[in-house]
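This report describes selected features of the structure shown below.

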Amino acid sequence: MRLPFSLRVKLLASFLFVLLPIFGILIADFRVESERDIEGALDEQMRIAQTVGAVLDTTFDEAIAVGTFMASQPVAQTFDTSQLDPYLQSLAPLYPQYERINVYDIRGWNAGTSLPYSPGASRASVADRPYFQEVLATNTPAVSEVLISRRTFRPAIAAAVPIRDDKGQPVGVVSVTLVPDLLARKLAGVPLAPGQDIFTTDHKARAAFDTRRQQMAFWERDYSRFPSIQQALSGKPVRLRSFLSPIGDVRLGALATSPKYGWVVGATLPVEEALAHATVALRLRLLSYSGLAVLALGLASLLAWFLVSPLKQLTAQAIAIGKGELSRRVTIATGDEMERLGTVFNEMAARLEITLDDLGESNAQLKAILTATDHAVVMEDLDGRIGFLNKRMEEWFGLQAEDVLGQKDEVMATRIAALTRDPEAFLQRRRYLSEHATAVLEEEVELVRPTPRIFRLYAAPVYSDGQLLGRIEHYSDITEHRRLERLRDEFLSMAAHELKTPVASIKGYTQLLQRWAPEGHDPREGKILKIIDRQSDRLSRLVQELLEVSRLQLGRMELRKERIDLVKLAKEVVEGIAPTTDKHHLLFQGPASAIIEADRNRLEQVLINLLDNAIRYSPEGGDIETRVMISEDEAIVAVRDRGVGIPKERQERIFEQFYRAHAGTPYDFGGMGVGLYISRQVVERHNGRIRFESEEGKGSTFYFSLPLSRKEN
Amino acid sequence: MTTEKHKSVMVVEDDLDLLDLIAVILTEEGYRVVPATDGRDALAKVAKEMPALILLDVWMPVMDGPEFLARFRRMYDHATPIVLLTAAEEGRIADAEIQAEGHLSKPFDLDELLRCVAVYVSENPGSGGGMRPSAEALESQNDEMV
């Protein structure tokens, strides 16, 4: 990935990146530590809650002990206000921790009180108090829920003890009312942590005391709505990691129940307080981390500067070299790898300078060679733009280098096309070339202007190290070559003509003599005339073969194809040859027709050749069968003789030119040994095949096949 | 066949021996032979009398066969058949043969020659006398005479 930032930015970023894990460790550490602090705080709160629970139990036990003592006094059973009031009031100073001590008869009526009481005032009843009923019912001491005193209208807690008669049956109750701030007083000596809160509720979840909320409305005392209080009431200690307190701060805390009386004691602390230590530590660490980061960034900047300044120099140098200032050098003296890089860079620049000089030289040399060559050369790049053209290109096609260089090749092609015999065809092939970048084209381009000339165009893709660079086009002037070829053709034609005309005379006159005197003046004369006739035919055939072979070697056998009926043609040839021999029976067999596209004269030549051979190499006479057959999409012609056959060891070579299978045998009938060679060339030029079967002494069969015309007849 | 005899056949051939031979055999068969030794000679002679058939050699001095053929076809209608006497110089006669009715390869059998002449002469029963040259033909004929 390539980042679009400077080296400096990248370095700074990487330094910061390296510092990130440290930051992560700090945070993780803080989390672990705060976890530990919270757990510690919770333990502490639990301990406080349990301690307070124990204090609570002790407090209630003391109150019950006082009540028990009172209940056991004989005066208690009197339920006589006049006796009990003074008695209780005399005892009151001994128990400053109790608000009052009352005695109630079995119906709940107050029978005595430790408070100063105006005589004659009506006495209150506690018959409806649950604790009162509970004590009477169970005949055991009990601690009341949080009550609202009917005299003071303040919350109060009473420890009640039954007064028993002689038989142990409850006859009344002694009630010791605890001073509401008794717990506060008991806890006064305990140093509370900042924000520390301790509260207790009775066994009905009614708040008895809360260090932070000394003044609570009665209805505010109901804590039963808190699930954690309910849970604590069921006897399980509760640890609260975090909760929103009724006064709106986030706290943690522990709830425990007093073992004996089942009251709930809660100790809570703001989370903030619990974490105070860890937070301070984190702040300190963050501070040192920041310091480290700043230091690291400073170091990175410094490093970047060390790296960047030589690089800037190298960059400037590279740009200068790119612009051709090859002699520029850098001076980096940092004594490190940068200096080494600078040195290497300078060496490279020096070598580049030398190489470029060499390249320029060899380039000039190449251009000189291309310019001096007697061919027109033009080079196009992949976009089809002319990148180079040599002198000949300009001369031959009337082009100016500056007009076409860098232009699309169409510009040049249009100009050349205007000079050709068939501009449209030329342009069409150019279009093919421009659409097929890797096509190889070889063709002749005939110019009619300014002077008629024929060029051979060779166009081929140019590769360098397997990479396509463009295309080279190469024109060579073959006008003279073509002229010589034509001369040679004309010479051959004329030679054949000049040779054949006298033969025609000889043959004609011989035949004339034969016509005039069929039997001759002398019996030997007739025979001589026949020999002359035959030899002139042979001479003619030799001339013809010579001509054919010359043409084949020049690759100039021209076919003039037309639709012909092979059956008809073969039949005509057979019928034409039949009269020339007495010894042989020429038979013909074939279908109604077999339409092919072929050069009539050439095929005739092949048939004549095969039939001539058949006749010639059947000196004893016999049947010579010619058959035309049709097989799928081709027509097959078979010529069969019962003659001497071809020796096996000579069979392989019979289609070679100038090979004469019967040379030096009794069946050597002369000839140049080109008949089968020409036949094979003709058949193959028609996309056909020629083959034979032969057995020495039994005869030969020659087959040739030609594709049937695809056109519907 | 007798009516076809006495019809004129022009033979254009520079080899005088061959010309003589063809003349002898055709005369024997009853044709009237108009000999010409080259294309120009032939053109001059067809102007006077249009033959029923022209046997035309290919290679000749002064004016060769193909050139005669081209001029002749330009000057006259296609009515008169022309048979080329060739030595199978196909490259040379390729164009010319299109305008010729047929060809006879040298050397030929006399029977072959006679069959060929008989066929073309009978196919062209209307000729034998001169044909009216076209105006264009007359002009180029004038050019020739200049």
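## Overall surface and composition

Chain A has an accessible surface of about 38900 Å², and carbon and sulfur atoms account for 57% of that area. The model is predicted. Of the 713 residues in chain A, 42% are buried. The secondary structure of chain A consists of 18 helices and 23 strands.

Among contacts in chain A between residues at least 6 apart in sequence, 58% link residues at least 24 apart.

Strand 1 of chain A spans residues 98–105 and contains Ile101(A). Is Ile101(A) buried or exposed? Ile101(A) counts as buried because its relative accessibility is 2%, which lies under the 20% limit for that class. Leaving aside residues up to four places away in sequence, Ile101(A) touches Val66(A), Met70(A), Leu88(A), Tyr95(A), Gly112(A), Thr113(A), Ser114(A), Val174(A), Ser175(A) and Val176(A). The C-alpha atom of Ile101(A) is separated by 7.7 Å from that of Leu115(A), a residue 14 positions away along the chain.

Strand 1 of chain A runs antiparallel to strand 2 (residues 110–113) of chain A, and 3 bridges join the two. Tyr104(A) has Asn110(A), in strand 2 of chain A, as its bridge partner. The hairpin made by strand 1 and strand 2 of chain A has 4 residues between the strands, and Gly108(A) in this hairpin takes a positive phi near 100°.

An open sheet in chain A is formed by 5 strands in the order 8-7-11-10-9, with antiparallel pairing. Strand 8 (207–210) and strand 9 (238–244) of chain A are its edge strands, each pairing on one side only. On average, neighbouring strands of this sheet are turned by 20° against each other, direction ignored.

Within the sheet, strand 10 (residues 250–257) and strand 11 (residues 264–270) of chain A pair in the antiparallel sense over 7 bridges. Ala256(A) stands opposite Val265(A), which belongs to strand 11 of chain A. In a regular strand the side chains alternate between the two faces of the sheet.

Helix 1 of chain A lies across strand 7 (197–201), strand 9, strand 10 and strand 11 of chain A, and it runs at about 40° to strand 10 of chain A. Helix 1 of chain A covers residues 7–72 and includes Phe17(A).

## A nonpolar surface patch

Which residues make the nonpolar surface patch of about 380 Å²? The patch is made by Phe17(A), Leu20(A), Phe23(A) and Ile27(A). Phe17(A) is classed as exposed because its relative accessible area is 62%, a value over the 50% limit for that class.

## Asp409(A) in helix 11

Asp409(A) belongs to helix 11 (residues 409–417) of chain A. With a relative accessibility of 5%, Asp409(A) counts as buried. Apart from residues up to four places away in sequence, Asp409(A) touches Glu380(A), Gly384(A), Ile386(A), Arg430(A) and Arg471(A).

## Backbone geometry in loops of both chains

Most residues other than glycine have a negative phi, and most peptide bonds are trans. The following sites depart from these patterns.

A cis peptide bond joins Arg449(A) to Pro450(A), with omega about -10°. Pro450(A) is located in the loop between strand 14 (441–447) and strand 15 (453–464) of chain A. In chain B, the peptide bond from Lys106(B) to Pro107(B) is cis, and omega is near -10°. Pro107(B) is placed in the loop between strand 5 (102–105) and helix 5 (110–123) of chain B.

Glu632(A) is not a glycine, yet its phi is positive, at about 50°. Glu632(A) sits in the loop between strand 20 (622–631) and strand 21 (634–640) of chain A, and its relative accessible area of 75% makes it exposed. Val62(B), also not a glycine, has a positive phi of about 65°. The loop between strand 3 (53–57) and helix 3 (65–75) of chain B holds Val62(B), which is exposed with a relative accessible area of 60%.

Terms used. Residues numbered from 1 in each chain as written. Chains lettered and ligands numbered in written order. Predicted model: local features only at pLDDT ≥ 70, side-chain atom pairs only at ≥ 80, totals over all residues. Heavy atoms only, no water. Buried < 20%, exposed > 50% of the residue type's maximum accessible area, 1.4 Å probe, protein only. Contact = heavy atoms within 4.5 Å. Pairing = 2+ DSSP bridges. Patch = residues over 30% accessible without salt bridge, like charges linked within 9 Å, V, L, I, M, F, W, Y side chains within 5 Å. Areas by Shrake-Rupley, 256 points an atom, 1.4 Å probe, with all protein chains shown as cover. Salt bridge = Lys/Arg side-chain N within 4 Å of Asp/Glu carboxyl O. Axes fitted to C-alpha atoms, helices over the stretch in contact; angles between N-to-C directions.
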